[in-house]
Amino acid sequence: MTYSMLEVLKLTIVSMGIVFAILLGIMFLMILMAKLFSEEEKAISNSSNLKSNYDERYLPMPKLFDQDPFARVAVFAALSEASQDKDGRSFQIESIKRIK
């Protein structure tokens, strides 16, 4: 059974269209989920009026990341530096302190 070049081209275009549509759907679902969960976190943080025990140099990670675009890079660089030559150990970021 042989296929003509036109049939092969049609199949290729339809297949690529289907894959593109699925990836586009996944992208929109991820955006929707991000918006839903970010609004939920904002509502929780706005509803709680608890005073923090930290001074102003200590900011929650989401707030710090919103204020400083390079904060996330700095955190990952510090974590990477701390974990050098320490195989098999796991690290967790407990707090971030801005130093100026």
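Where pLDDT is low, the predicted coordinates should not be read in detail.

The structure is a predicted model, in which local features need pLDDT of at least 70 and side-chain atom pairs count only at pLDDT 80 or more, while totals for chains, interfaces and linings use all residues. Residues are numbered from 1 along each chain as its sequence is written, and side-chain values use heavy atoms, with hydrogens and water left out.

The protein chain has a mean pLDDT of 77, and 69% of its residues reach 70 or more. Three helices and zero strands are present; helices (H or I, at least four residues) and strands (E, at least two) are DSSP runs, numbered from the N terminus. Along the sequence the pattern is α-α-α. Among these elements, α1 has the highest mean pLDDT (86), and helix α2, residues 61-67, the lowest (68).

Of the 100 residues, 5% are buried, that is, under 20% relative accessible area, with exposed meaning over 50% and partly exposed in between (1.4 Å probe, protein chains only). The accessible surface of the protein chain is about 9700 Å², and carbon and sulfur atoms account for 63% of that area; such areas come from the Shrake-Rupley method with a 1.4 Å probe, and for residues only the protein chains shown count as cover.

Helix α1 spans residues 5-47 and includes Val14. Val14 is partly exposed, because its relative accessible area is 49%.

Helix α3, residues 71-82, holds Leu79. Leu79 is also partly exposed, because its relative accessible area is 28%. Leaving aside residues up to four places away in sequence, Leu79 touches Phe91 and Ile93. Leu79 and Ile93 are 14 residues apart in sequence, and their C-alpha atoms are 7.9 Å apart in space.

Methods
pLDDT = per-residue confidence, 0-100. Contact = heavy atoms within 4.5 Å.
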